[in-house]
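Here is a short briefing on one protein model. Please keep the sequence and the coordinates open while reading.

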Amino acid sequence: MSTSESTGSIVVVSTGMTLGAHLTPRCRSYLEHADIIFGSNPALVEQWISEINPNYHSLQGLYAAGKHRQITYREMVDTMLAAVREGKKVVGAFYGHAGVFAWAPHRVIKEARAEGYAAHMEAGVSAEDCLYADLNIDPGRVGSQHFETSQLMVYQRRIDPTAYLILWQVGIAGDTTIKRFSTGEAYRQVLVDILGEYYPLDHQVALYECPFTALDDVRIDWLALKDLPQAEMSLITTLVIPPSEKMVKNQKILDRLAALDLQEQQL
């Protein structure tokens, strides 16, 4: 490894969910001082980052209709690593939290470290963070489960109806090709059939979308579970299902804990 190559590095930063509002000072500093930035962000975010550092290069052009997304992600990693190997201070800038629902950021850090380069990720504001605030949900109260929607559908996962269930990427429910950017009502009906084993069909659920700018309204649309197939969705739509049952105490464990408390008191 040459001297110029060994000086290369990559930092993956998170640009947050709402334009300009969620970028941390640390992330902004990395953007300002980068030799080159590669990013996957909405167009307005990319324009905004370019004003911070004109050496911004969009990775969005790697996406294409009918192209397997894993191929696109691999190309993103290769593009960023090539600049690192040239000895540049590289920044990868990704929408939301760079480590959430994003294969390329994690992969580029792993491969850069394996080759001896400095590499790390900076945390950011994710859709999950905004969801808790906008829907006034405290995940510590009754707990929450998170699944990617298609993963929930094609694998045998266990759903707990006493906790919140949050399903990401519901707009592409049932996609097994990793090529589509949406699926239709028939696919969502399969999802409803699965969820109907745990929840009443008239149970109220919410479709959530985080505001993109400070002037945008948050989307929180409540509807019955049975009406989900006909609802309007996009790639950023998240399904939030509140608990339909109350938690049941585990008396056996409570008795064991009480016995331990009594033993401590007698010491």
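E32 is partly exposed, because its relative accessible area of 39% lies between the 20% limit for buried and the 50% limit for exposed. The model is a predicted one.

**E32 and its surroundings**

- E32 sits in helix 2, which spans residues 25-33.
- Leaving aside residues up to four places away in sequence, E32 touches I52 and N53.
- I52 falls within helix 3, which covers residues 43-52.
- E32 and G124 are separated by 92 residues in sequence. In space, their C-alpha atoms are 17 Å apart.

- An open sheet is built from 5 strands, in the order 3-2-4-1-5. The pairing is parallel.
- Strand 3 (56-58) and strand 5 (118-121) are the edge strands. Each of them pairs on one side only.
- From one strand to the next, the twist averages 20°.
- Strand 2 (residues 36-40) and strand 4 (residues 89-94) run parallel and are joined by 5 bridges.
- Within this pairing, I36 stands opposite V90 of strand 4.

**Helices on the sheet**

- Helix 3 (residues 43-52) packs on the sheet. Its contacts there are with strand 2, strand 3 and strand 4.
- The direction of helix 3 makes about 160° with that of strand 3.
- Helix 5 (residues 103-114) also packs on the sheet. Helix 5 touches strand 1 (9-14), strand 4 and strand 5.
- The direction of helix 5 makes about 155° with that of strand 5.
- Strand 4 is touched by helix 3 and by helix 5.

**Helix 4 against helix 5**

- Two numbers describe a packed helix pair: the angle between the axes and the distance between them.
- For helix 4 (residues 69-85) and helix 5, the axes come within 9 Å. They cross at roughly 40°.
- Helix 4 and helix 5 are therefore oblique to each other, as the angle falls between the 35 degree limit for roughly parallel and the 65 degree limit for roughly perpendicular.
- The crossing of helix 4 and helix 5 is right-handed.
- On the helix 4 side, the contact residues are Q70, Y73, R74, M76, V77, M80 and L81.
- On the helix 5 side, they are W103, A104, R107, V108, E111 and A112.
- By class, this contact of helix 4 with helix 5 counts 9 nonpolar, 1 polar and 3 charged residues.

Conventions
Residues numbered from 1 in each chain as written. Predicted model: local features only at pLDDT ≥ 70, side-chain atom pairs only at ≥ 80, totals over all residues. Heavy atoms only, no water. Helix = DSSP H or I, 4+ residues; strand = E, 2+ residues; numbered from the N terminus. Buried < 20%, exposed > 50% of the residue type's maximum accessible area, 1.4 Å probe, protein only. Contact = heavy atoms within 4.5 Å. Pairing = 2+ DSSP bridges. Axes fitted to C-alpha atoms, helices over the stretch in contact; angles between N-to-C directions. Parallel < 35°, antiparallel > 145°, perpendicular 65-115°, else oblique. Left-handed = near helix turned anticlockwise from the far one by under 90°. Nonpolar A, V, L, I, M, F, W, Y, C, P; charged D, E, K, R; others polar.
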